[in-house]
Amino acid sequence: MKKALVLSGWVFIAANLLTATLYAQNTSTINSESIRLNQLGFYPYSPKIAIVTANNNSTRYNIITADKKQTVYTGELVVSANPALNGKKTFIADLSSFHKPGKYILSVNGLGNSFPFVISSAVYHDLGIASIKAYYYQRASTSLPEKYAGKWHRAAGHPDNKVLIHPAAATDKRPAGTLISAPRGWYDAGDYNKYVVNSGISMGTMLSLCEDFPAYIKTMHTNIPESNNNIPDILNELVWNLRWMLAMQDPNDGGVYNKLTNAVFDPMQMPEAAKTPRYVVQKGTAATLDLAAVTAQASRMLKKYQKQLPGLADSCLVASEKAWKWALKNPNMAYDQVAMNNKFSPKVITGAYGDRNFNDEFIWAAAELYVTTGNENYYKAVSMFPDDGMPLPTWGNVRLLAYYSLVRNERSLQGAAKNNLPMLKNRIIGLADNLIAGVDQRAYKTVMGKSSRDFYWGSNSLAANQGVALVQAYQLSGDKKYLNYALSNLDYLLGRNATGYSYVTGQGYKTPMHPHHRPSVSDGIVDPVPGLLVGGPNTGMEDGVQVPSMVPDEAYIDDERAYAANEIAINWNAPLVYLSNAIEALKVKAGYVK
Ligand code: 9MR
């Protein structure tokens, strides 16, 4: 994104006049801020809801063609049963019974027009591709040639082939200062560090898409250097990060370093400008078990590609079992960065992902190892259902990833795992039923936004993960209502929400232009790197940047300094990859497209 040019004197006045004229021409006819809908549009036979937030005297809305020549549909605005979090009721336009493909505008007398939207049978195709292509742009240790990266092409940064063992990670065989090589992987977020814990949930979520939709993923073409190697592009992308993760395991004992990082965050600069030393820090139980889970799951996915990737599936399983054994010996090794910094130098002050409870990581690793090997000892090694909780996945809680894997591999379950299956399925449906309760009475009619508590650091990933859970419930039950509600959260992310933003860079009209993302801030290109989901509304303001509203679902600002509301991250994009592509994969089965 280009820094604003400082204009002076008459140039400045002339520029302002021009802007004012263009603005006057536009406002009367387009883009009413108070009409909120999925800015990409809808499938011909999917639910189609728009929300009007302003009080107005119209009781009806019109759908007009994008050229504004023809009114093709009119409908009634219905006042919402409950108010939004700002205390105001909304007006709901339900255009679900309009099916005709085309490009349209929703218009309300006295208020104005919505952004144009399409009705099309491939409406989320580009989003699905962009959300995974975003990981290509996050690649460390490689240049991104124009052929693949377009205008966002850039030089290589962070080779990570001479990484120091931090004093906190020193062992006899690898004393402090030993150099190891751990290149590749994805940058975690707006920063350039690589964290195993956060890679774990991201990989698990996207491997699950591959496992759930093996035929569909072959149709995803992302134009990356590995394309056309007879491996689906998404798997190629995941292998890029997998190879880095494997290098984070100490071959001497199987333990896994928490992260590969600078001592302090890089400034807002391009990757190639970063030259400070990189370290791997202390090993930990969460990182080690996350690696065990990911490599076990990857191993069964990669079996089909032994010819293209000789030995990789086997190496993954070996790494997984080694990691598991290390974790059994070190079941409680938290990553406590503050304690570490009190003892060792240099101090490391990048992200911690400092999980302290490892029950869920044990459950996830055990489930993946059990499914991959069929060895029931893994299943029995943990208490698979320690309570009746079904916590949606976050970097600190990966329990549900285990349950999803067990259910999707139901045909290979035996013994206790098989016996527990009906109960597990009921719990997933129960989770989905909880998610959808009361949605129709809400002001935005989305699953996201049940309460103020939904709006924390990375809230958009909650919306996406709720969507993933609902897709699972649909897959289990065949009941289309779950998929419709999953779609309501995709609508939330793409504009049917209290800020009117589509939160994915480059997807829609009112989109983040200033994400807290080092390449986007420093590359001199106006448009940010595309396909990235920003964190979203969060009243925490941990970054100290004042948000324009403290109403929880409005607490968002498109400001590059606002890392607590406007950063991007691999664990937030992953459920968007799942949700958007799962819906594209299921659209015919669900009857959205005939
Ligand atoms: O997503 C993380 C969020 O849950 C935590 O509250 C926050 C503070 O610890 O850290 C977030 O993760 C950041 C990580 O530490 C460093 N890279 C950027 C991540 C997204 O902001």
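Trainee: To begin with, which residues surround the ligand?

Mentor: Happy to take you through it, and please keep in mind that this is a predicted model. The ligand is surrounded by Asp188, Ala189, Asp191, Tyr195, Gly351, Tyr353, Trp395, Trp457, Glu567 and Trp572. By residue class, this shell divides into six nonpolar, one polar and three charged residues. As for where the ligand is placed, it sits in the largest pocket.

On the nitrogen side, a nitrogen atom of the ligand is 3.0 Å from an N or O atom in the side chain of Asp191. Turning to oxygen, a polar side-chain atom of Glu567 lies 2.9 Å from an oxygen atom of the ligand. For Trp457, the distance from an N or O atom in its side chain to an oxygen atom of the ligand is 3.2 Å. As for cover, the ligand taken alone exposes 460 Å², and the protein buries 76% of that.

Tyr195 belongs to the shell, and strand S12 spans 194-195. That strand is part of an open sheet of five strands, ordered S11-S10-S14-S13-S12, with mixed pairing. Strand S11 (179-180) and strand S12 stand at the edges with a single partner strand each, so one side of each has no neighbour in the sheet. Further in, strand S10 (residues 163-165) and strand S14 (residues 279-280) run parallel and are joined by two bridges. There you will find Ile165 opposite Val280 of S14.

Strand S4 (residues 60-65) pairs with strand S5 (residues 71-79) in the antiparallel sense, over five bridges. S4 and S5 form a hairpin with five residues between them, and Lys68 in the turn has a positive phi of about 65°. S5 also pairs with strand S6 (residues 91-94), again in the antiparallel sense, over three bridges. In that pairing, Val79 has Phe91 as its bridge partner. S4, for its part, pairs with strand S7 (residues 102-108) through four antiparallel bridges, and Asn62 stands opposite Ser107 there.

Finally, here are some backbone details to check. Most residues other than glycine have a negative phi, and most peptide bonds are trans. Against that background, Asn228 has a positive phi, near 70°. Asn228 is found in the loop between helix H5 (214-217) and helix H6 (233-247). A cis peptide bond joins Ser345 and Pro346, with omega about 0°. Pro346 is in the loop between helix H9 (337-343) and helix H10 (359-373).

Notes:
Residues numbered from 1 in each chain as written. Predicted model: local features only at pLDDT ≥ 70, side-chain atom pairs only at ≥ 80, totals over all residues. Heavy atoms only, no water. Near = heavy atom within 4 Å. Polar contact = N/O pair within 3.5 Å; in protein donor to acceptor, adjacent residues only side chain to side chain. Areas by Shrake-Rupley, 256 points an atom, 1.4 Å probe, with all protein chains shown as cover. 1 Å grid on protein atoms, 1.4 Å probe; cavity = no way out; pocket = protein on both sides within 12 Å on 5 of 7 lines; lining within 4 Å. Sits in = over half its atoms within 2 Å of the grid points. Nonpolar A, V, L, I, M, F, W, Y, C, P; charged D, E, K, R; others polar. Pairing = 2+ DSSP bridges.
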